[in-house]
Amino acid sequence: MSVILIHSDRFVEHQTPPGHPERSERAEVMDVVAGKWLKRGTEIVAPPAATREQLARVHDTEYLRQIAETNGRATQLDPDTYTSPESYEVALLAAGATVDAVERVMGDSHRAVLALVRPPGHHAERHRAMGFCLFNNIAIGAAHARARGARKVAIVDYDVHHGNGTQHSFDADPHVLYISTHQYPYYPGTGGAEEIGRGPGEGFTVNVPIEVGAVDEDYQAVFGQVVVPVLRQFEPDLLMISAGFDAHERDPLAGMRLTTGAFAAMTAELRTVAEECCRGRIVAVTEGGYDLHALAASLYAVVESLNAPSAPAQWPTSGIASTRGRDAVEACRHPLARFWTLG
Ligand SMILES: [Zn+2]
């Protein structure tokens with residue numbers, strides 16, 4: 001059984017300066033998608049706020065104090081990251097939703113959970129807000145899973161941007177595998193193939209930088225030859241997904257060309273691995289996605305893939321000739337050769 005966790009509509013007040021891509025319509029899109037699934041019998045629950053202890057596994061004390069101080073105020077934390085008076089409270093719910101999702105899946109009450117949250121989290125660093133992100137929701141969720149007994153957690157981040165904050169949260173930790181596919185070079189600048197983790201965590205950061213313009217077949221190659229083989233060898237106890245939808249062809253910020261069907265296919269690939277490794281335990285957490293139609297359709301497709309019986313991924317075909325996927329796989333081979341066998 002799947003469950004969607006959703007915010008109250010107070011989210012609409014989060015970080016919405018005029019002209020900013022984070023407009024309130026985004027929350028409405030999430031409400032519409034959640035409403036459709038509710039009608040189809042999917043369970044939807046309101047999230048609890050994250051506790052200080054849960055946040056402090058990822059963020060430092062001074063940073064938590066700084067963010068708490070934005071409560072009730074409109075502030076600008078970095079060139080892209082604003083708060084409204086309610087952002088702090090909503091960010092606590094976004095992190096809390098992810099922790100709750102992990103609780104449910106690790107407690108075996110649910111097999112797959114989608115935390116439908118804003119603000120996103122994967123750019124947030126231990127001590128710094130960045131790229132619309134205040135708390136690193138997925139890192140907080142993964143740290144919670146570890147604290148409650150998961151030996152190995154894998155995070156797959158297919159948001160079009162590299163998740164610098166998530167990578168840095170675990171780059172010395174061999175128990176949390178971070179795999180990111182992203183447009184490169186691009187914001188935030190990190191995520192080169194040679195970034196593979198450090199110390200005991202070496203090899204447990206897997207970056208697949210992909211040239212702008214990649215299509216469905218490119219991502220199919222990257223999933224088939226890097227993402228899935230590495231996950232199978234790692235054998236996680238929990239699989240988490242940073243589900244950003246900004247690699248969609250309609251997205252106004254980035255330059256990838258994925259169709260909606262590719263998001264369903266990526267989810268299906270990951271579900272198959274989760275069935276093999278960890279009794280199907282999957283927690284997906286929303287990240288970016290700036291075209292409202294693409295966001296709605298892709299979210300819907302992901303929930304459909306999580307709900308349906310596990311089946312082989314059906315990758316769409318764009319018919320566009322591109323070597324970007326093959327080039328990305330080749331760029332990973334040398335840095336990862338000591339750690340993983342690629343396809
Ligand atoms: Zn993004």
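How many bridges join strand 3 to strand 4, and do they run parallel or antiparallel? Three bridges join strand 3 (residues 75-78) to strand 4 (residues 81-83), and the two run antiparallel. Keep in mind that this is a predicted model, where local features need pLDDT of at least 70, side-chain atom pairs count only at pLDDT 80 or more, and totals for chains, interfaces and linings use all residues. Residues are numbered from 1 along each chain as its sequence is written, and side-chain values use heavy atoms, with hydrogens and water left out.

**Strands and how they pair**

- Strands (E, at least two residues) and helices (H or I, at least four) are DSSP runs, numbered from the N terminus, and two strands pair if DSSP finds at least two bridges between them.
- Strand 3 and strand 4 form a hairpin with two residues between them, and Thr75 has Thr83 in strand 4 as its bridge partner.
- Strand 10 (residues 282-286) has parallel neighbours: four bridges join strand 5 (residues 112-116) to strand 10, and five join strand 9 to strand 10.
- For specific partners, look at Val113, which is bridged to Val283 in strand 10, and at Ala243, which stands opposite Thr286.
- Five of the five residues of strand 10 are buried, where buried means under 20% relative accessible area, exposed over 50%, and partly exposed in between (1.4 Å probe, protein chains only).
- Both faces of strand 10 are covered, with Ile282, Ala284 and Thr286 on one side and Val283 and Val285 on the other.
- Strand 9, helix 8 and strand 10 make a right-handed β-α-β unit; right-handed means that, with the strands pointing away from the viewer, the path from the first strand over the helix to the second runs clockwise.

**The zinc ion**

- Its protein donors are Asp159 (OD), Asp159 (OD), His161 (ND1) and Asp246 (OD), lying 2.0 to 2.7 Å from the zinc ion.
- Donors are N, O and S atoms within 2.8 Å of the metal (3.2 Å for Na, K and Ca), and water is not among the atoms, so sites may look incomplete.
- The angles run from 53 to 152 degrees, so the arrangement of the four donor atoms is irregular.
- Four donors count as tetrahedral if all angles lie between 85 and 135 degrees; four count as square planar and six as octahedral if opposite donors are over 155 degrees apart and all others between 65 and 115; anything else is irregular.
- Along the chain, the donors follow the spacing D-x1-H-x84-D.
- Asp159 and Asp246 link distant parts of the chain, 87 residues apart, and both are buried.

**Helix 1**

- Helix 1 (residues 25-39) has 15 residues and reaches 21 Å from its first C-alpha to its last, close to the 21 Å expected; the expected span is 1.5 Å times one less than the number of residues.
- Its buried residues are Arg26, Ala27, Val29, Met30, Val33, Ala34 and Trp37.
- Seen down the axis, those buried residues fall within an arc of 155 degrees, so they line one face of helix 1; the arc is that of the directions from the helix axis to the C-beta atoms.
- Over on the other side, Leu38 and Lys39 are exposed.

- Most residues other than glycine have a negative phi, and most peptide bonds are trans.
- The bond from Tyr184 to Pro185 is cis, with omega near 0 degrees, and the one from Tyr187 to Pro188 is cis too, with omega near 5 degrees.
- Phe132 has a positive phi, near 75 degrees, and is buried, with a relative accessible area of 9%.
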